[in-house]
Amino acid sequence: MNNLHGDQWLESLKSKLPEKGRGEIIIIGDGDSTHVPIDRGDIERMIRRQKRHAAMRGWLYKGVAVVACAGLVAFTLGTFDKYIHQVVESAKYQALAEKRQAAVEALDLYSQFTADIVAEHAQSLETQVDALGTDMQTVEESIDSILGTGGMISARSASADVLNQHVPQTSLESLQRIRSIEEFMAKLPARVPMAASHMTSGFGMREHPVSGHLLPHRGIDLVSWDEPAILAGGPGRVTFAEADGSSGKMVIIDHGAGVESYYLHMARIDVEVGDTVAAGDVIGLMGDTGQTDGGHLHYEVRVAGRHLDPAKVLEVIGDVE
């Protein structure tokens, strides 16, 4: 019984009392004893009183804990505020603030000086796009197809915040155009597809050498009997490599961003569909397969299915020999 907690002891005592009537508790003292009359109701009241006291102690402990935590938080925040205030007032912080302001002023000045340069460079590149026979819409759509949308940097980045604050919107737009054009130019085949070749027929309307009809010539014709090897105009992946009716033996290379190069009337094909080629790789030999009046290479450059003049492509960005 001595090992029981208070409420357990009372419950044990209650179980030993008669259900009706009263019993006695004998309290033994020094040399005498005392008989205390008690019933189950007395025990139940004692248990309820003990539970109330325990609950009150629990709430008291919780209150003390909350007050202690609140005091600790207040002390911590006060200490932190005091530390921040000391940092802001320090000479080192003031020096950093002055350097930051100087950097902001320098960036604003630099943006003003370079705005015209950026605009002129963008205009120069757009002139090259026009010379190729295409337009900015085609360029931007081609680049978006491989890079996605969203601009040069994330609109939510810290860099974007700095640019938006200090760089004029017109300069940002010019930079975006420059980036699109340069990415597009990098996809165009810049290599002459036959070494030591000469052009026998240019791009545009002409009388067809076999039918005699006036028809658009969608590429250029090149001849090189000394070096008849046909070279890839730029890096890419072979998507077609077989005979195709009047085009004869033909190879198509996908350079990305909707840019493709076509090689027609070949005598021999040295690549297969799926091959990856680099600029200048041999892909076959010049020939006269298909509808033609003699041996030559018919060479085309297309962007999203639209024909460009290969001679202009080579003139604007290529390695003209």
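Predicted model: local features only at pLDDT ≥ 70, side-chain atom pairs only at ≥ 80, totals over all residues.

Trainee: Where is H255 found?

Mentor: In strand β9, which covers residues 249-256.

Trainee: Is H255 buried or exposed?

Mentor: Buried, because its relative accessibility is 6% and the cut-off for buried is under 20%.

Trainee: Switching topic: what about A257?

Mentor: A257 is found in the loop between β9 and β10. Its phi is near 60°, a positive value in a residue other than glycine.

Trainee: Where's the other alanine with a positive phi, A304?

Mentor: A304 is found in the loop between β13 and β14, and β14 covers 306-308. Its phi is about 55°.

Trainee: Buried or exposed, for each of those two?

Mentor: A257 is buried, with a relative accessible area of 4%, whereas A304 is exposed, at 63%. The cut-off for exposed is over 50%.

Trainee: Now the core. Which residues touch the most other members of the largest nonpolar core?

Mentor: That core has 36 residues, and F184, L188, V251, I253, Y263 and I283 touch the most other members.

Trainee: Take F184. What does it touch?

Mentor: Not counting residues up to four places away in sequence, F184 touches L132, T134, V139, S142, I143, V259 and V303.

Trainee: Last topic, pockets. How much space lies in the largest pocket?

Mentor: About 420 Å³.

Trainee: Which residues lie nearest its centre?

Mentor: R206, H208, H217, H265 and H298, out of 20 residues that line the largest pocket.

Trainee: How many of the lining residues are nonpolar, polar or charged?

Mentor: Four are nonpolar, ten are polar and six are charged.

Trainee: And which strands each supply at least two residues of that lining?

Mentor: β5 (214-217), β10 (259-269) and β13 (297-303) each do.

Conventions:
Residues numbered from 1 in each chain as written. Heavy atoms only, no water. Core = buried A, V, L, I, M, F, W, Y, C linked by side-chain atoms within 4.5 Å. Buried < 20%, exposed > 50% of the residue type's maximum accessible area, 1.4 Å probe, protein only. Contact = heavy atoms within 4.5 Å. Helix = DSSP H or I, 4+ residues; strand = E, 2+ residues; numbered from the N terminus. 1 Å grid on protein atoms, 1.4 Å probe; cavity = no way out; pocket = protein on both sides within 12 Å on 5 of 7 lines; lining within 4 Å. Points joined across faces, edges and corners; volume = space filled by probe spheres on them. Nonpolar A, V, L, I, M, F, W, Y, C, P; charged D, E, K, R; others polar.
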